[in-house]
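These are notes for a colleague going through the model.

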Amino acid sequence: MTAVRITDAVVTYRTRRESTVAVDGVDLEIASGGSLGIVGESGSGKSTLARAVCGALPLASGSIAFDGETWGARRSPAQRRAVQLVPQDPYSSLDPRMTVRQTLSELLRVHRLVPRGEVATRCAELLRLVRLDPDALDAYPHQFSGGQRQRIALARALAVEPRVLVADEPTSALDVSVQASVVELLVRLQHELRLTLLFISHDLAVVNATCERVAVMHRGRVVEVAERDVFFAAPRDPYSRALLEAVPRLPDAGGPLAADPARDESNPGGSS
Amino acid sequence: MSVAPGALRVRGLQVRSDSRLLVDDVSFAVDPGEALGIVGESGSGKSLTLRAILGLPPRGVRVTGGEIEVGGRVGMVFQDPLTALDPLSRVGAQVASASRAARGGSRAAARAHALELLEQVRLPDAARRLRAYPHELSGGQRQRVVIALALASGPAILLCDEPTTALDVTVQREVLDLLSRLRRERELSIVFVSHDLPVVAAVCDRVLVMTGGRVVESGPTLDVVRSPRHPYTRSLRDAVLPVPPLSAAAATPGVSPEGKERS
């Protein structure tokens with residue numbers, strides 16, 4: 001079963017003088033409960049595509065279908081709930097004047113997801129789901145660390161019980177150790193809740209940790225789609241290879257460091 | 001007592017805000033031409049240490065103890081090239097005025113020096129781009145301009161604060177390669193601050209690990225990465241998400257991304 005099918009999608013941005021094609025004929029699909037990572041550099045069109053999948057931007061042509069049904073940018077509340085975005089910067093997506101409880105219970109009430117009497121219980125449940133203490137419900141966004149805020153953004157996305165989660169660089173603003181724990185949480189929740197995941201990132205290591213398939217975007221086009229293991233070991237496209245070669249790696253975790261004669265000269269023989 | 005040209009010695013550095021000790025008894029030395037990495041997460045004190053060496057601690061923060069000895073001028077490369085550059089003046093003029101402030105001389109000489117510096121950092125089409133404004137350049141090109149600005153005073157030591165964090169991975173690789181080349185060609189010493197251990201490992205011979213304002217471990221990069229002694233270093237290393245190795249067999253010969261530096 002294909003949960004998300006993107007067919008020949010084109011997205012253009014118009015300014016007064018010119019129009020720019022940001023996404024240029026993209027075909028992609030994600031199986032139900034599957035995960036696809038889209039990697040690419042700034043300007044590749046990956047975030048634009050993510051916004052189109054969420055219905056935040058209209059397609060100039062092509063289509064995006066969910067479970068076989070084509071949805072445009074004008075979506076019913078139920079359709080909007082089904083596809084949720086986890087943004088890069090949770091600070092700008094959470095209302096600074098609302099406590100976590102207010103944010104979550106408003107969503108639950110507006111969308112009538114649980115009976116009124118169960119809103120409080122569900123709020124606590126959502127926080128536990130993202131491994132936060134329900135005591136945190138009465139705090140404001142600024143009282144949390146970056147990693148905690150990202151967990152809250154995740155809880156907010158999960159509150160409306162989506163089928164598809166679109167994560168746009170959800171860990172790139174976080175410290176390394178926090179990043180690892182958020183990635184782990186996301187992977188676990190995706191499996192537990194059988195979510196379909198579209199994961200946008202410039203960070204190949206994060207995509208390797210989260211997604212079973214990888215698509216590479218470059219200048220609005222998909223240049224390669226492959227299973228994770230195939231992609232990382234033997235990318236077919238020269239641009240994919242250039243990306244992978246550019247990634248700094250730890251000496252013992254993923255082969256030799258990129259050649260740097262200066263360092264090699266000053267560290268003859270390495271160590272240990 | 002003074003240090004050799006290009007050397008840096010920090011002893012017992014202490015930095016505090018009104019209420020808190022932010023950098024506590026940090027000591028290290030950099031030999032001329034050496035690249036030292038300082039790794040740590042936000043709040044570790046790594047950037048404050050750098051700002052203290054530069055002599056420009058952020059507002060509300062004071063250096064309250066320790067000695068810093070520097071063998072020559074110091075240049076600084078900041079994380080975000082957009083905020084490090086003046087959006088309202090042309091990049092050539094910015095580099096020229098930095099050069100003139102440091103070395104004096106005529107306007108014409110400063111302009112010539114600016115062009116020379118922008119060529120040295122391999123800003124593509126430098127002669128024409130002298131007249132560009134920062135927003136007309138890509139992120140990588142802007143970071144090259146910021147590096148040229150830092151080089152304008154003829155520094156012996158280059159301080160780099162997360163210089164590639166805001167950049168795309170292929171552009172990051174170009175800037176890291178550029179820093180390594182400048183270090184060789186100009187015999188620069190480099191102090192490179194980053195939260196990213198693999199990035200530091202790509203540039204630095206030696207690394208210092210900081211957390212909570214203190215140095216918990218230091219040593220040759222390879223030793224620290226392969227056999228960390230301090231639990232914090234180990235957790236930092238283990239948090240690095242791996243990228244599987246590329247198989248060499250499938251290499252596509254003759255293909256390299258545009259502008260990639262390998263020297």
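1. At what angle do the axes of helix H5 (residues 119–129) of chain A and helix H6 (residues 146–159) of chain A cross? The model is predicted, and in it the two axes cross at roughly 125 degrees and come within 9 Å. That angle makes H5(A) oblique to H6(A). The crossing of H5(A) past H6(A) is right-handed.

2. The residues behind this contact can be listed. H5(A) contributes Leu126(A), Leu127(A) and Leu129(A), while H6(A) contributes Ala155(A), Leu158(A) and Ala159(A). By class, the contact of H5(A) with H6(A) has six nonpolar residues, no polar ones and no charged ones.

3. H6(A) also meets helix H7 (residues 176–192) of chain A, with the axes coming within 10 Å and crossing at roughly 20 degrees. H6(A) and H7(A) are therefore roughly parallel to each other. Their crossing is right-handed.

4. Which residues of H6(A) meet H7(A)? They are Gly146(A), Gly147(A), Gln150(A) and Arg151(A), and they face Val178(A), Ser181(A), Val182(A) and Leu185(A) of H7(A). The contact of H6(A) with H7(A) divides into three nonpolar residues, four polar and one charged. The contact of H5(A) with H6(A), by comparison, has six nonpolar residues and neither polar nor charged ones.

5. Helix H4 (residues 100–110) of chain A belongs with this group. Its buried residues are Val100(A), Thr103(A), Leu104(A), Ser105(A), Leu107(A) and Leu108(A). These buried residues pack against H5 and H6 of chain A. Just after H4(A), Arg112(A) has a positive phi of about 50 degrees.

6. Met98(A) sits in the loop between helix H3 (90–93) and H4 of chain A. Is Met98(A) buried or partly exposed? It counts as partly exposed, because it has 14 C-beta neighbours inside 10 Å. From Met98(A) to Asp138(A) the separation is 40 residues in sequence and 9.0 Å in space, C-alpha to C-alpha.

7. Leu49(A) is part of helix H1 (residues 46–53) of chain A. With 30 C-beta neighbours inside 10 Å, Leu49(A) counts as buried; the cut-off for that class is 20 or more. Outside the four places on either side in sequence, Leu49(A) is in contact with Ala9(A), Val23(A), Val26(A) and Ile38(A). Ser35(A) is 14 residues from Leu49(A) in sequence and 16 Å from it in space, C-alpha to C-alpha.

8. In chain B, how many residues of helix H1 (residues 46–54) are buried? Eight of the nine are, so H1(B) is largely enclosed by the rest of the structure. The buried residues are Lys46(B), Ser47(B), Leu48(B), Thr49(B), Leu50(B), Arg51(B), Ala52(B) and Ile53(B).

9. Chain B is divided into domain 1 (1–72 + 157–245) and domain 2 (88–155). The C-alpha centres of domain 1 and domain 2 of chain B are 26 Å apart. At the contact between them, 10 residues of domain 1 of chain B touch nine residues of domain 2 of chain B.

10. What supplies the domain 1 side of that contact in chain B? Strand S6 (157–161) and helix H7 (169–186) of chain B each give at least two residues to the side that touches domain 2. H7(B) has the largest share of this side, four residues. By class, the side of domain 1 of chain B that touches domain 2 has eight nonpolar residues, one polar and one charged.

11. Two arginines in loops deserve a look at the backbone. Arg219(A) is not a glycine, yet has a positive phi of about 50 degrees. Arg219(A) is placed in the loop between strand S9 (213–218) and strand S10 (221–227) of chain A. Arg219(A) counts as partly exposed, because 14 C-beta neighbours lie inside 10 Å.

12. The other is Arg122(B), a residue other than glycine with a positive phi near 55 degrees. Its loop runs between helix H4 (107–120) and helix H5 (126–129) of chain B. Arg122(B), with 17 C-beta neighbours inside 10 Å, counts as partly exposed.

Definitions and conventions
Residues are numbered from 1 along each chain as its sequence is written. Chains are lettered from A and ligands numbered from 1 in the order in which they are written. This is a predicted model: local features need pLDDT of at least 70, side-chain atom pairs count only at pLDDT 80 or more; totals for chains, interfaces and linings use all residues. Axes are lines fitted to C-alpha atoms, for helices over the stretch in contact, and angles run from 0 to 180 degrees between N-to-C directions. Angles under 35 degrees count as roughly parallel, over 145 as roughly antiparallel, 65 to 115 as roughly perpendicular and the rest as oblique. A crossing is left-handed if the near helix is turned anticlockwise from the far one by less than a right angle, and right-handed if clockwise. Two residues are in contact if their C-beta atoms, placed from the backbone, lie within 7 Å. Ala, Val, Leu, Ile, Met, Phe, Trp, Tyr, Cys and Pro count as nonpolar, Asp, Glu, Lys and Arg as charged, and the others, Gly among them, as polar. A residue is buried if 20 or more other C-beta atoms lie within 10 Å of its own, exposed if 12 or fewer, and partly exposed in between; C-beta atoms are placed from the backbone. Domain bounds come from an automatic or database domain assignment.
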